[in-house]
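Please look through the sequence and the structure shown here before reading on. The briefing after them is meant for someone who is meeting this protein for the first time.

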Amino acid sequence: MDWLNFNKGELKKFVEQVQETTDLSISELGKLLNISPRTLRDWKREKYKPSKELIFKVANHSGVKLPHYEIV
């Protein structure tokens with residue numbers, strides 16, 4: 001599985017934009033992606049790197065453009 005690395009602050013902005021665009025709470029977005037809300041909060045805190053599969057799913061569902069990233 002590929003993991004994505006974003007510049008500092010970019011993943012947090014992305015998740016916040018997704019929430020604004022979709023009007024979904026962290027819990028609702030987690031259910032949609034079949035991941036725990038805590039995982040999304042950890043993404044916002046940039047504690048963990050998201051998988052390529054999940055982050056692309058988020059982007060496709062929301063229409064929010066992904067910030068620059070590197071595959072790690």
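Predicted model: local features only at pLDDT ≥ 70, side-chain atom pairs only at ≥ 80, totals over all residues.

Residues are numbered from 1 along each chain as its sequence is written, and side-chain values use heavy atoms, with hydrogens and water left out.

**Overall fold**

- The protein has 4 helices and 2 strands, where helices (H or I, at least four residues) and strands (E, at least two) are DSSP runs numbered from the N terminus.
- Along the sequence these elements follow the pattern β-α-α-α-α-β; the radius of gyration is 11 Å, close to the 11 Å that the globule rule gives for 72 residues, so the protein is as compact as a globular protein of that length. This radius is taken over C-alpha atoms, and the globule rule is 2.2 Å times the number of residues to the power 0.38.
- The C-alpha trace spans about 30 × 20 × 20 Å along its principal axes.
- Of the 72 residues, 36% are buried, where buried means under 20% relative accessible area, exposed means over 50%, and partly exposed lies in between (1.4 Å probe, protein chains only).
- Among contacts with a separation of 6 or more, 71% join residues 24 or more positions apart, a contact being heavy atoms within 4.5 Å.

- In α2 the buried residues are Ile 26, Leu 29, Gly 30 and Leu 33. They cover an arc of only 105 degrees around the axis, which puts them on the same side of α2; the arc is that of the directions from the helix axis to the C-beta atoms.
- The buried residues of α2 pack against α1, α3 and α4, and the helix is followed by Asn 34, whose phi is positive, near 65 degrees.
- In α3 (residues 37-44), Leu 40, Asp 42 and Trp 43 are buried. Seen down the axis of α3, its buried residues fall within an arc of 160 degrees, so they line one face of the helix.
- The buried residues of α3 pack against α1 (10-22), α2 (26-33) and α4 (52-62), and after α3 comes Glu 46, with a positive phi near 60 degrees.

- Gln 19 lies in helix α1 and is buried, with a relative accessible area of 17%.
- Not counting residues up to four places away in sequence, Gln 19 touches Leu 24, Ser 25, Ile 26 and Lys 44.

**Salt bridges**

- The whole structure holds 2 salt bridges, each defined as a side-chain nitrogen of Lys or Arg within 4 Å of a carboxyl oxygen of Asp or Glu.
- Lys 13 pairs with Glu 10, with the closest N and O atoms 3.2 Å apart; being 3 residues apart in helix α1, they are separated by about one helical turn.
- Asp 42 forms a salt bridge with Arg 45, with the closest N and O atoms 3.0 Å apart; Asp 42 is buried at 4% relative accessibility, whereas Arg 45 is exposed at 53%.
- Leaving aside neighbours within four places in sequence, Asp 42 is also in contact with Lys 47 and Tyr 48.

**Surface**

- The protein exposes about 4800 Å², of which carbon and sulfur atoms supply 47%; accessible areas come from the Shrake-Rupley method with a 1.4 Å probe, and for residues only the protein chains shown count as cover.
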